[in-house]
Amino acid sequence: MFSKILIANRGEIAVRVIRACKEMNIRTVAVYSEADRTSLHVRLADEAICIGGPKAEQSYLNIPAIISAAEIADVDGIHPGYGFLSQNAHFAEICESCNITFIGPSAQSIRLMGDKIAAKDLMRKSGIPIIPGSMSAIRDKDDALKTARRIQYPVIIKAAAGGGGRGMRVCHNDVRLISALMTCQTEAEASFGNADVFVEKYIQEPRHIEFQILADKNGHTIHLGERDCTVQRRHQKLIEESPSPAVDAKLRRKMGELAVRGAKAANYASVGTVEFLLDKDGSFYFIEMNTRIQVEHPVTEMVTGLDLIKEQIRVAAGESLGIKQDEVTIRGWAIETRINAEDPTNGFSPCPGRILQYHEPGGRGVRMDTHVYAGYEVPPFYDSLLAKLITTGETRLDAIHVMQRALEEFQIEPLRTTIALHRQIFSDPTFIRGQISTDYIDRQLQLGESE
Ligand code: MV4
């Protein structure tokens, strides 16, 4: 087991990892930027090292500075959290070459799943349903037009190196397809350094269902059920829940088995997530695999009783899974709302600043994962996530009632946050019935936007 871990991240996930380490008797080293001196992760860790300026490129993405800190503090593992360097195969390799365990999957698995075309091909060969489309990178206009003719409009163009919704374009006819192809390739080259794009059938109004995978380095792979992340806005998730109101035990077994098969095919060993789109007719398709711990992992923890960060650390240390698939039970319901320092009435623009008044909800069925406190100043340099409010109950409706009550209690002043929006969503009969798709926020909800 590790004796000392460096957490190469900030915010609530850094706090989350430090807490797990403390319970495992592992010493912790926080790294922080000049803008994060007063952040909670700096206070909670056993040691803290400033690694650079406020901009992420100068600090949380600064590989030489992070590796230097790791060597000075003499750690035997680095936990990357999510975002930043968590899916950087090069960083994982550098850690290993310095004899420091990267607490995540192998560089090989990260690289493979980072190429969405290669990932899709592997899944297809493993018998996992994929969305019809081009089997390799689009060569030219003619190739794109032929593909569209075969699968029929609407189609979607995606960047091979994209993911999480970045660099995607929906097209309804030949003219749009040709112009979108050029912009997509140019954008992909500029954003990811890889101009490869592929075309697939556009699935209208799907649900986003993802399976949590847990795999050790000794060939054992299990799934921990699904999360439903259908409530999103421009690919930013707002609400996640487990289980999904759209998945029954039979579908869970089927999709879960396929997710495990896909993870095994990728030689995957860590926590990871296999994403599917669930169509209105009940068919489902693999879209991508996320090779990191995800923001929404707590809802899976609440219904399985497992600590995913501890499991991730244990398998990184080479331990075998302590649980078999038939010992995994899904009990009750958990819902997470993301509280961001953003103004939903103004295009979700970030609203950093100092928190003067703060009261967080508590009581039965409430879990808060956050790094903020009264007097904390939210810096403008990073993701605006302030807190994850997770509620649980025996049934979905119980968890919703706890959420309604917790959102009433929650006070963060004078910042503009997404709390009011969540109060609105949790009192919407459509959401409460669970009859939603991925365009719920954009099409169904009146945000009172000023534009
Ligand atoms: C799609 C799709 C429809 N058809 N692919 C967005 C995130 C990325 N992981 C994949 N995404 C989508 N891929 C096909 N062929 C619709 C989306 C999508 C979406 C998916 C899940 C949740 C919200 C979404 C919002 C818009 C688009």
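Asn25 sits in the loop between H1 and strand S2 (27–33); helices (H or I, at least four residues) and strands (E, at least two) are DSSP runs, numbered from the N terminus. Its backbone deserves a look: Asn25 has a positive phi of about 65 degrees although it is not a glycine. Most residues other than glycine have a negative phi, and most peptide bonds are trans.

Before going on, a word about the model. This is a predicted model, in which local features need pLDDT of at least 70 and side-chain atom pairs count only at pLDDT 80 or more, while totals for chains, interfaces and linings use all residues. Residues are numbered from 1 along each chain as its sequence is written, and side-chain values use heavy atoms, with hydrogens and water left out.

The predictor's confidence in each residue, pLDDT, runs from 0 to 100. For the protein chain its mean is 96, and 98% of the residues reach 70 or more. Confidence is lowest in helix H15 (residues 440–444), at a mean of 82, and highest in strand S4 (residues 77–79), at 99.

The chain is divided into domain 1 (4–103), domain 2 (132–201) and domain 3 (207–450), with bounds that come from an automatic or database domain assignment. Taken over C-alpha atoms, the centres of domain 1 and domain 2 are 37 Å apart.

Now to the helix pairs. Axes here are lines fitted to C-alpha atoms, for helices over the stretch in contact, and angles run from 0 to 180 degrees between N-to-C directions.

| Helix pair | Angle | Axis distance |
|---|---|---|
| H1 (residues 11–23) and H11 (residues 308–316) | roughly 65 degrees | within 9 Å |
| H5 (residues 107–114) and H6 (residues 116–125) | about 95 degrees | 5 Å |

H1 and H11 are therefore roughly perpendicular to each other, a term for angles of 65 to 115 degrees. On the H1 side, the contact (heavy atoms within 4.5 Å) is made by Ile13, Arg16, Val17, Ala20, Cys21 and Glu23, and on the H11 side by Leu308, Ile309, Lys310 and Ile313. These residues divide into 7 nonpolar, no polar and 3 charged; Ala, Val, Leu, Ile, Met, Phe, Trp, Tyr, Cys and Pro count as nonpolar, Asp, Glu, Lys and Arg as charged, and the others, Gly among them, as polar.

H5 and H6 are likewise roughly perpendicular to each other. Here Leu112, Met113 and Gly114 of H5 meet Lys116, Ala118, Ala119, Leu122 and Met123 of H6, a contact with 6 nonpolar residues, 1 polar and 1 charged.

Finally, two prolines. A cis peptide bond joins Tyr153 and Pro154, with omega about -5 degrees, and Pro154 is found in the loop between helix H7 (141–151) and strand S6 (155–159). The bond from Ser242 to Pro243 is also cis, with omega near -5 degrees; Pro243 lies in the loop between strand S11 (236–242) and helix H9 (249–265).

Terms used
Parallel < 35°, antiparallel > 145°, perpendicular 65-115°, else oblique.
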